[in-house]
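Please read these points with the model open beside you.

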Amino acid sequence: MRQPLARELNDLLERGRDRQLRLAVTGLSRSGKTAFLTSLVNQLRHAGLEARLDLLPVAREGRLLGARRVSQQDLGVPRFPYDQAMAALDDTPPRWPAPTRGISELRLAIRYRPTRPGLLGSETRQLSLDLFDYPGEWLLDLPLLDLDYPDWSLAQQPIRGQARAALFEDWQAAVAGLDPAAEADEARLAKIAEHYAQGLRAARDAGFADLQPGRFLLPGELAGAPVLQFFPLPGIETFTAEELEKLPPESNYATLARRYRHYQQRIVRPFYRDHFRRFDRQIVLVDLLGALNAGPERFEDLSRALGKLMQSFDYGKRSLISRLFAPRIDRLAIAATKADHVTPDQHPRLVALLEALLAEPMKDLRFANVPVQAFSLAAIRASESREVAHQGRRSPALRGIGQQGEALLLYPGEVPDRLPDPGFWARQGFDFPAFRPAPRDGGALPHIRMDAVIDWLIGDKLK
């Protein structure tokens with residue numbers, strides 16, 4: 001029997017017995033996906049030993065025996081670099097793990113004792129947990145599957161906000177006067193496309209999240225290929241749909257539309273088909289504090305990006321038949337990361353702000369009877385909470401190590417518990433600094449509420 005067919009049959013058997021779960025870890029750039037996956041593996045590996053997992057019943061009750069990494073099923077996907085991430089955290093001085101640059105996978109075999117022993121008395125069971133990580137830049141390409149080139153091109157214009165528009169000034173100057181009906185000049189199109197890609201990269205570095213196409217940011221083996229040499233085309237709004245269709249194949253419009261369709265059908269669709277449709281459960285990580293740091297324009301940009309992202313997944317309850325042959329995501333966690341950058345009294349406000357930001361998508365999920373829960377977490381806690389004398393009274397503060405190795409004592413202030421109005425940004429600003437990982441002497445990584453998130457995502461499979 002061919003190996004891929006044998007693997008698929010084995011997966012079907014395990015899924016039918018409810019012994020296999022596929023968890024997608026998703027989120028936009030700088031949301032902490034690599035740190036989350038590293039911590040998740042580390043906590044389960046140290047279960048029953050140093051890991052503090054009081055909010056995970058199977059661990060609290062002493063039934064979680066631990067986990068180990070085993071060979072993944074898809075040999076064509078790189079393995080998640082857990083060892084390299086831990087080496088970075090254990091370096092002198094400690095470093096944060098490198099961010100995601102491509103898709104990766106890791107399989108854990110989790111051993112536990114069920115709450116109800118079988119006929120033969122005490123027994124152990126095993127859950128295979130497949131973890132998937134991929135660049136956040138690729139996520140926002142999924143909505144392209146529902147848009148043709150004219151619709152996408154018009155949706156990208158005008159560039160919203162003064163700060164964002166300033167980053168695309170070179171592209172706007174280069175594309176000015178490009179006639180959709182004129183014969184395409186390959187060299188000129190390539191130059192304009194590079195200006196557009198430079199604008200996207202500058203926007204990402206400036207903290208913007210709503211960026212399409214995502215592969216322009218991490219092109220990999222596609223760098224320099226014509227499939228990545230398209231961009232929004234000003235002026236097509238003056239043409240009717242029929243007029244656009246009649247333009248000659250060598251026109252600027254037809255050339256760019258052809259590249260867009262190739263990107264849509266040969267790059268985006270296979271990624272969705274081969275990976276997204278296989279997921280059972282999902283966690284979406286959100287760097288709310290980073291968006292607050294960056295100001296109102298970037299915060300609104302994050303809201304738009306998340307709205308698009310949440311529309312791109314196939315959610316719904318599943319029967320046994322659908323679980324075997326048409327899996328859909330049946331449980332979702334949405335988590336505000338880097339909770340260790342604010343004091344514990346602000347964590348409920350962080351969750352409230354996250355729920356306000358995603359109010360409409362969460363209503364749709366609940367209408368579809370899909371369990372969804374919002375959290376605040378720190379996958380790898382890098383600060384300690386203290387109460388110290390400040391301005392004549394006791395105030396909550398954070399103590400940690402800055403990126404340059406300096407000792408920090410901070411009073412981060414309050415997180416809004418609702419969407420900020422224009423007056424909020426005038427009244428209050430933010431400056432949440434980046435912490436360096438704390439030195440450690442082995443054992444489980446320190447965290448905030450990783451146990452609660454693990455329980456939500458897989459706890460029902462460990463009973």
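1. How do the residues of the lining of the largest pocket divide into nonpolar, polar and charged? There are 15 nonpolar, 11 polar and 9 charged. Ala, Val, Leu, Ile, Met, Phe, Trp, Tyr, Cys and Pro count as nonpolar, Asp, Glu, Lys and Arg as charged, and the others, Gly among them, as polar.

2. This is a predicted model, in which local features need pLDDT of at least 70, side-chain atom pairs count only at pLDDT 80 or more, and totals for chains, interfaces and linings use all residues. Residues are numbered from 1 along each chain as its sequence is written, and side-chain values use heavy atoms, without hydrogens and water.

3. Of the 35 residues lining the largest pocket, Arg-30, Ser-31, Gly-32, Asp-287 and Lys-338 lie nearest its centre. (On a 1 Å grid over the protein atoms alone, a pocket is an open set of points where a 1.4 Å probe fits, with protein on both sides within 12 Å along at least five of seven lines; lining residues have an atom within 4 Å of a point.)

4. Helix 2 gives the most to this lining, with 4 residues. (Helices are DSSP runs of H or I, at least four residues, numbered from the N terminus.)

5. Helix 2 (residues 33–45) also meets helix 18 (residues 450–458): their axes come within 11 Å and cross at roughly 85 degrees. Helix 2 is therefore roughly perpendicular to helix 18 (65 to 115 degrees; axes are lines fitted to C-alpha atoms over the stretch in contact, with angles from 0 to 180 degrees between N-to-C directions). This contact has 7 nonpolar, 2 polar and no charged residues (contact means heavy atoms within 4.5 Å).

Key
Helices (H or I, at least four residues) and strands (E, at least two) are DSSP runs, numbered from the N terminus. Angles under 35 degrees count as roughly parallel, over 145 as roughly antiparallel, 65 to 115 as roughly perpendicular and the rest as oblique.
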